[in-house]
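Good morning, colleagues. Please take a moment with the sequence and the structure that I am about to show.

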Amino acid sequence: MRVLGIEGTAWCASAALHDTGTDTTRIESNPYEPESGGIHPREAAEHMADAIPEVVDTVLSGADVEGSEHGVDAVAFSRGPGLGPCLRVVGTAARALAGTLDVPLVGVNHMVAHLEVGRHQSGFENPVCLNASGANAHLLGYHDGRYRVLGETMDAGVGNAIDKFTRHVGWSHPGGPKVESAAAEATAGTDGGDLLDLPYVVKGMDFSFSGISSAANDAYDDGEPIEEICFSLQEHVFGTLVEVSERALSLTGADELVLGGGVGQNDRLREMLETMCDSRGASFYAPDPPYLRDNAGMIAILGAKMAAAGDTLRIAESSIDPNFRPDDVPVTWRDDTSS
Ligand code: ATP
């Protein structure tokens, strides 16, 4: 089966063709890069309207069309969560393509796709997933036919919390990679320098980042060296994520952790998670960066599993959902529906 995936929840217009026979995926992406500030929903939607047809065209023109008539057996799209204006463009494109090609339409939850791409690539059976993305931060674990939210941010997504600080200091979007580079220059942690004392908030399995961003902004205004702030910001934010990931493993008894989301591209976060997993004898898997940040490959891969399970949508029921939670999704594609 060959499934065309379309992604465009916020900043990345992306299309992918996943072939289940060869387990290969071709991805084409075109990012929206705001000239200043953060992601502007209207500008991002205009970007989607221009870039989605382009990436779809490129990915399909490179497809080997032997087999089915046009090389596509289903069209999968990211239905949410995300920015409404962007999702509407993606939904319209997917409905039009599925109708024109006369193939089934599959509506994919973007956060479940972040998890499932890690499960697919790692071969893990029943992992806990840490989704560390721009707009979200949560731990997912499977139970009784759904991915349950075991813990989540009570305010900002992890990437958004970091980007809030980088906007304050005048760095362009996205801020995460710039914080990672600056943190590597810090004396704290390498040279006896001290961590700055930023808020660290974990309540049960939930956590908060808004106080950390504000305190980092204040430290910058007070003249603390930016490298030291970036280092401390990372250590506090990632320490929070590692703590709740370990709690989730402990609570569920799972011994597999997968990472999802754009912040997962950060080497320090991956190192900290790997160390924690090693220390408790758990296995850790992080997809390669193109499958961590927003991408249509994960939409096509999960879309193929859903299509094979008959989990498709009638056009009339295919509305987008900007607040689509992962625990709203009945998991139809796993065999072990009760573990
Ligand atoms: P979501 O998947 O929740 O819709 P999103 O659309 O914002 O989130 P992602 O691609 O998952 O997109 O993540 C983008 C975020 O990742 C941005 O906030 C960016 O700053 C952050 N990021 C990218 N690279 C790094 C890095 N090396 N270190 C830390 N953060 C990073």
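This is a predicted model: local features need pLDDT of at least 70, side-chain atom pairs count only at pLDDT 80 or more; totals for chains, interfaces and linings use all residues.

Where is the place of V169? V169 sits in the loop that runs between helix 4 and helix 5.

Is V169 buried, exposed or partly exposed? A residue needs 20 or more other C-beta atoms within 10 Å of its own to be buried, and 12 or fewer to be exposed. V169 has 17 C-beta neighbours inside 10 Å, and therefore counts as partly exposed. Apart from neighbours within four places in sequence, V169 is in contact with Y220 and I226. In space, V169 lies 34 Å from V117, C-alpha to C-alpha, while 52 residues separate the two in sequence.

Helix 4 (158-168) and helix 5 (176-183) each supply at least two residues of the shell around the ligand. Helix 4 gives the most, with four residues. In total, 26 residues surround the ligand, and the closest are S133, G134, G159, G176 and G262. By class, this shell has seven nonpolar, 15 polar and four charged residues.

Let us turn to the domains. The chain is divided into domain 1, made of 2-110 + 293-328, and domain 2, which covers 115-290. The shell around the ligand draws at least three residues from each of them. The centres of the two domains, taken over C-alpha atoms, are separated by 27 Å. Where the domains meet, 15 residues of domain 1 are in contact with 17 residues of domain 2. On the domain 1 side, helix 10 (residues 296-308) provides the largest share, four residues. That side comprises eight nonpolar, four polar and three charged residues.

Which residues have the most contacts inside the largest nonpolar core? They are I6, I52, V75, V90, I299 and A300, in a core of 103 residues. Helix 7 (residues 226-252) gives the most to this core, with eleven residues. Both domain 1 and domain 2 give residues to the core, so it lies between them. As general background, nonpolar side chains in soluble globular proteins tend to be buried together.

Leaving aside neighbours within four places in sequence, the contacts of I6 are A15, I52, V56, F77, V90, A93, A94, A296 and I299. Among these, V90, A93 and A94 are also listed with the buried residues of helix 2.

Finally, a check on helix geometry. At 1.5 Å a residue, the 18 residues of helix 2 (residues 84-101) should span 26 Å, and the end C-alpha atoms are 25 Å apart, which agrees. Just after helix 2, D102 takes a positive phi of about 60°. Helix 7 is followed by G253, with a positive phi near 75°.

Thank you for your attention.

Note on methods: Residues are numbered from 1 along each chain as its sequence is written. The expected span of a helix is 1.5 Å times one less than its number of residues. A residue is near a molecule or strand if its C-beta atom, placed from the backbone, lies within 6 Å of it. Ala, Val, Leu, Ile, Met, Phe, Trp, Tyr, Cys and Pro count as nonpolar, Asp, Glu, Lys and Arg as charged, and the others, Gly among them, as polar. Domain bounds come from an automatic or database domain assignment. A nonpolar core is a set of buried Ala, Val, Leu, Ile, Met, Phe, Trp, Tyr and Cys residues joined through C-beta atoms within 7 Å. Two residues are in contact if their C-beta atoms, placed from the backbone, lie within 7 Å.
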